[in-house]
Amino acid sequence: MLVLKPCIPDDWKEYFFRYQYNSSTYNIKVINQFKSNEVKELKINGTTQNDFNIQLIDNNKIYDVEIII
């Protein structure tokens with residue numbers, strides 16, 4: 001499980017990083033839409049998640065994660 005609590009300056013629109021978990025890759029983009037430093041929404045491969053934790057899976061796939069704060 002990956003738990004993120006992003007905190008960025010108000011003037012940053014977004015940032016991106018890549019996280020490697022064994023054979024799987026997580027492309028993570030943090031979007032500073034509300035400038036609150038509080039996670040409002042989390043999407044994995046375009047699907048909104050019910051919670052703000054990222055379940056890490058070792059299955060040789062690429063996951064695109066959007067975190068909206």
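Predicted model: local features only at pLDDT ≥ 70, side-chain atom pairs only at ≥ 80, totals over all residues.
Residues are numbered from 1 along each chain as its sequence is written, and side-chain values use heavy atoms, with hydrogens and water left out.

Let us start with the sheet. Five strands make up an open sheet of mixed pairing, and their order across it is β2-β3-β7-β4-β5. The strands at the edges are β2 (14–21) and β5, each of which pairs on one side only. Two terms need their cut-offs here. Strands are DSSP runs of E with at least two residues, while helices are runs of H or I with at least four residues, and numbering goes from the N terminus. Two strands pair if DSSP finds at least two bridges between them. As background, strands of a sheet pair through backbone hydrogen bonds, either parallel or antiparallel.

Both senses can be found around β7. With β3, the pairing is parallel and runs over seven bridges. With β4, the pairing is antiparallel and runs over four bridges. There, I44 stands opposite V65 in β7.

Next comes the nonpolar core, a set of buried Ala, Val, Leu, Ile, Met, Phe, Trp, Tyr and Cys residues joined through side-chain atoms within 4.5 Å. Buried means under 20% relative accessible area, exposed means over 50%, and partly exposed lies in between, using a 1.4 Å probe and protein chains only. Which residues of the largest nonpolar core touch the most other members? They are Y26, I28, I54, V65 and I67, out of 14 residues in that core. Two or more residues each come from β3 (24–31), β4 (41–44) and β7 (62–68). In general, nonpolar side chains in soluble globular proteins tend to be buried together.

Contact here means heavy atoms within 4.5 Å. Setting aside neighbours within four places in sequence, Y26 is in contact with F17, R18, Y19, Y21, I54, Q55, L56, I57, Y63 and V65.

One of those partners brings us to the aromatic rings. Rings of Phe, Tyr and Trp (its six-membered ring) pair if their centres lie within 6.5 Å; planes under 30 degrees apart count as stacked, over 60 as edge-to-face, and the rest as tilted. The count by this rule is three aromatic pairs. W12 and Y15 have ring centres 6.2 Å apart and planes at 75°, so this pair is edge-to-face. Y26 and Y63 are stacked, at 4.8 Å centre to centre with 15° between the planes. Are Y26 and Y63 buried or exposed? Both are buried. By contrast, W12 is partly exposed at 44% relative accessible area, and Y15 is partly exposed at 24%. Ring pairs also join W12, Y15 and F17 into a cluster.

Now for the polar side of the model. N27 sits in strand β3 and counts as buried because its relative accessibility is 13%. Its side chain makes a polar contact with the side chain of R18 at 2.7 Å. A polar contact is a pair of N or O atoms within 3.5 Å; within protein, one must be able to donate a hydrogen and the other to accept it, and residues adjacent in sequence count only if both atoms are side-chain atoms. Beyond four places in sequence, N27 is in contact with F16, F17, R18, I62, Y63, D64 and V65.

How many salt bridges does a search of the whole structure find? It finds one, where a salt bridge is a side-chain nitrogen of Lys or Arg within 4 Å of a carboxyl oxygen of Asp or Glu. The residues are E41 and K43, with the closest N and O atoms 4.0 Å apart. E41 is partly exposed at 25% relative accessibility, and K43 is partly exposed at 23%.

Finally, look at two loop residues. Most residues other than glycine have a negative phi. N37, in the loop between β3 and β4, has a positive phi near 60°. N45, in the loop between β4 and β5 (47–48), has a positive phi near 50°.
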